[in-house]
Amino acid sequence: MTSGKLLWADDEIELLRAHIIFLEKKGYEIDTVTNGFDAVDRCSEQNYDLILLDENMPGISGLETLQRIKNIAPTTPIVMVTKSEEENIMDQAIGSKIADYLIKPVNPTQILLTLKKNIHQREIVAEQTQTAYQQNFGALGMLIDDAQTINDWTEVYRQLVAWELQLIETDSAMREMLAMQKTEANRRFARFIERNYLTWVNHADAEDRPLMSPDIFKRRIFPHLDKGEKVFLIVIDNFRFDQWRTLMGEISELFTVDESLYCSILPTATQYARNAIFSGLMPNIISEMFPDLWVDEDSEEGKNLNEAPLIQTLFKRYRRQHTFSYNKVNDSAAAERLLAHLPQLAKYDVNVCVLNFIDMLSHARTESRMVRELASNEAAYRSITLSWFRHSAVGDLFRSLAASDYRVILTTDHGSIRCQTPVRVKGDKNTNTNLRYKLGKNLDYNPKEVYELTDPHRAMLPAPNLSTRYIFARGDSFFAYPNNYNYYVSYYRNTFQHGGISMEEMLIPLIELTPRRR
């Protein structure tokens, strides 16, 4: 089995015989030609893994040969090997999407390096990543075992996501090992949350309390306003940390990035978490202070229709004289309108923009077989997120903001988790429909399988009735009713849901972006 089949086109090919012998000993099969016409003919007759191409040959130039070969074999990597150091030739070659550009004289090791980079990179990276994960498996396990604080858990989750993104091209056994580690981490994380959550929400000044949903404006928006900066706050509904990491490469070309994670409140759902962000209050306080702005679970009214008024109450409570705009983007047409209106928004101190695409994708994936096929797993889910960013007006929005003087803050209200494990729950007709949390007065469940709150006020949550209790799903579990149980489980298993306790839902991105042009 050869390491690869190469074509080397150079009018001085005999002078390169030592290089060719070196590569043949490394397992490469090499065809040679001395001019561009022959190179094009050879590429018409057979496939090559890589082509080495001299620029200065008799007949047609290397650049013209390059274009003709690209028409025949557009995906074959081509490496220019030339004496020319003229910048315009480099620019033309790079503009033609060459794989590499080497200046003569080259040594055999340089050639071997470019072959490894362009032919074998995927398997080399996969092998090295796999080896690195195996070596770090024990250390990551100890990190999970020893996690005692929210900072410890943030580091655990960062490492798990980093490995997940690296292992995507590797052996499935490694991905399965990582999935097992993540499952164990989520099991322990749920215990950690259950031990600490009530203390956090009842003692905002507790030393070990993480930054949480109601703190975002006070701790991350107002300090910039106090410095005289204008802020553009972008809230992507249902946006996970791994999705942010997938977009980070695109965004970091436009902005310097200050990345952090914060902790969503429970339930990890829009009605609770996002309203807490925009009001700066926990849900039960919102329902008591502003009952006309709080929508109960059993109401048919939209749960996020009062976000602009809630922001107004926040500014008024802190005696902020700053002006703000509120913009909700549900589709591409709304994104286009926002983009067109961007110059007019410059008059406001704070512009808030809610982007609902990812949440809509999550729901569509549950309801549509076709979307479920397109986003069959986390990797596909991330890929669709990246495609949305690149090819929608949202990408244009970030590019426009990069040319502005705004401090851009990108965040979310909660994440989501792909559900696998059904948990039986019974409830009456007034029980809410969310699969990751339930509230009601007649819930029947196994207390060992859920995190239960029998006194909602201790968790700063509204209680429609005196006997109302909340229960939350842990890890990758989801609630299923006993009636028509098998159909229900089959329909919702492997769907992305939110509302419960997991790192994916609770440990979520909070990113400060400064335009690079500054």
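Tutor: Begin with a polar contact, a pair of N or O atoms within 3.5 Å; within protein, one must be able to donate a hydrogen and the other to accept it, and residues adjacent in sequence count only if both atoms are side-chain atoms. Here, a polar atom of the aspartate 10 side chain lies 2.7 Å from the backbone nitrogen of glutamate 12. The model is predicted: local features need pLDDT of at least 70 and side-chain atom pairs pLDDT 80 or more, whereas totals for chains, interfaces and linings use all residues. Residues are numbered from 1 along each chain as its sequence is written, and side-chain values use heavy atoms, leaving out hydrogens and water.

Student: Is aspartate 10 buried or exposed?

Tutor: Buried means under 20% relative accessible area, exposed over 50%, and partly exposed in between (1.4 Å probe, protein chains only). Aspartate 10 counts as buried because its relative accessibility is 0%.

Student: At what angle do helix H17 and helix H18 pack?

Tutor: Helices (H or I, at least four residues) and strands (E, at least two) are DSSP runs, numbered from the N terminus. Axes are lines fitted to C-alpha atoms, for helices over the stretch in contact, and angles run from 0 to 180 degrees between N-to-C directions. H17 (residues 378–391) and H18 (residues 393–402) pack at about 60°, with axes 4 Å apart. Angles under 35 degrees count as roughly parallel, over 145 as roughly antiparallel, 65 to 115 as roughly perpendicular and the rest as oblique; H17 and H18 are therefore oblique to each other.

Student: Which residues of H17 and H18 meet?

Tutor: Contact means heavy atoms within 4.5 Å. Trp388, Phe389 and Arg390 of H17 meet Val394, Gly395, Phe398 and Arg399 of H18.

Student: How do E7 and strand E18 pair?

Tutor: Two strands pair if DSSP finds at least two bridges between them. E7 and E18 (residues 507–515) are antiparallel, over nine bridges.
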